[in-house]
Amino acid sequence: MRTLLASLAVACIAMGGSAFAADKVCKLEITGTDVMQFDKKELKIAGDCTQVALTLKHAGKLNAQVMGHNWVLTQTSDADAVIKAGLAAGVKSGYLPVGDKRVIASTKTIGGGQSTSITFPTSKLKKGGDYKFFCSFAGHAALMSGKFIFG
Ligand code: CO
């Protein structure tokens with residue numbers, strides 16, 4: 001009995017270990033500026049990534065009320081509608097519609113000198129899907145957007 005319990009414990013530890021090892025967190029970083037630009041037009045992660053850890057930095061000096069930046073990910077076909085809905089939601093909601101299912105991932109809005117990070121699962125994405133990232137702050141998406149590639 002003692003041996004059986006011991007082997008069960010070992011099996012549990014082994015299973016926990018392998019589940020953890022199968023998780024691949026892929027890191028991305030993108031920086032926004034005071035002249036309403038992201039430093040990248042494309043972000044790409046490999047097809048075996050299970051989680052995305054994204055850091056958004058604001059390299060400028062202007063505050064979040066004047067030159068706020070966030071990072072929002074949607075399907076490209078949803079982007080325009082989400083940007084419009086974000087404008088309607090206004091500054092109180094960080095220019096993002098609350099609880100909108102079309103938003104795959106989003107950071108909070110930051111100002112100059114700040115940074116923020118999020119982690120989201122790639123289970124929300126399809127390999128080879130057509131995705132767009134943008135800043136949803138009023139009027140920014142036209143300049144602050146790019147392509148997100150999974151796999
Ligand atoms: Co912005």
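A salt bridge here is a side-chain nitrogen of Lys or Arg within 4 Å of a carboxyl oxygen of Asp or Glu. Asp-130 and Lys-147 meet that definition, with their closest N and O atoms 3.7 Å apart. The model is predicted.

**Salt bridges**

The Asp-130 to Lys-147 pair links distant parts of the chain. Asp-130 sits in the loop between strand 6 (115-121) and strand 7. Lys-147 belongs to strand 8 (residues 145-150). Asp-130 has a relative accessible area of 45% and is partly exposed. Lys-147 is partly exposed too, at 40%.

A search of the whole structure finds four salt bridges. Another one joins the side chains of Lys-24 and Asp-48, at 2.9 Å from N to O. Lys-24 lies in the loop between helix 1 (2-21) and strand 1 (25-32), and Asp-48 in the loop between strand 2 and strand 3 (51-58), so this pair ties together parts that are 24 residues apart in sequence. Lys-24 counts as partly exposed at 34% relative accessibility. Asp-48 is also partly exposed, with a relative accessible area of 46%.

Lys-57 and Glu-29 form a further salt bridge, and their closest N and O atoms are 3.3 Å apart. This pair again links distant parts of the chain. Lys-57 is in strand 3 and Glu-29 in strand 1, 28 residues apart. Lys-57 is partly exposed at 34% relative accessible area. Glu-29 is partly exposed at 38%.

| Salt bridge | N to O distance |
|---|---|
| Lys-24 and Asp-48 | 2.9 Å |
| Lys-57 and Glu-29 | 3.3 Å |
| Asp-130 and Lys-147 | 3.7 Å |

Strand 4 and strand 7 pair in the antiparallel sense, over four bridges. Leu-73 has Phe-133 of strand 7 as its bridge partner.

**Helix 3**

Helix 3 covers residues 76-89. Its 14 residues should span 20 Å at 1.5 Å a residue. The end C-alpha atoms are 20 Å apart, which agrees.

Which residues of helix 3 are buried? They are Asp-78, Ala-79, Val-82, Ile-83 and Gly-86. The buried residues pack against strand 4 (72-75) and strand 7 (131-134). Just after helix 3 comes Gly-90, with a positive phi of about 80 degrees.

**Thr-116 in strand 6**

Thr-116 lies in strand 6. Is Thr-116 buried or exposed? Its relative accessibility is 10%, and buried means under 20%, so Thr-116 counts as buried. Leaving aside residues up to four places away in sequence, Thr-116 touches Leu-54, Thr-55, Leu-56, Thr-107, Lys-108 and Ile-110.

How values were computed:
Residues are numbered from 1 along each chain as its sequence is written. This is a predicted model: local features need pLDDT of at least 70, side-chain atom pairs count only at pLDDT 80 or more; totals for chains, interfaces and linings use all residues. Side-chain values use heavy atoms; hydrogens and water are left out. Helices (H or I, at least four residues) and strands (E, at least two) are DSSP runs, numbered from the N terminus. The expected span of a helix is 1.5 Å times one less than its number of residues. Buried means under 20% relative accessible area, exposed over 50%, partly exposed in between (1.4 Å probe, protein chains only). Contact means heavy atoms within 4.5 Å. Two strands pair if DSSP finds at least two bridges between them.
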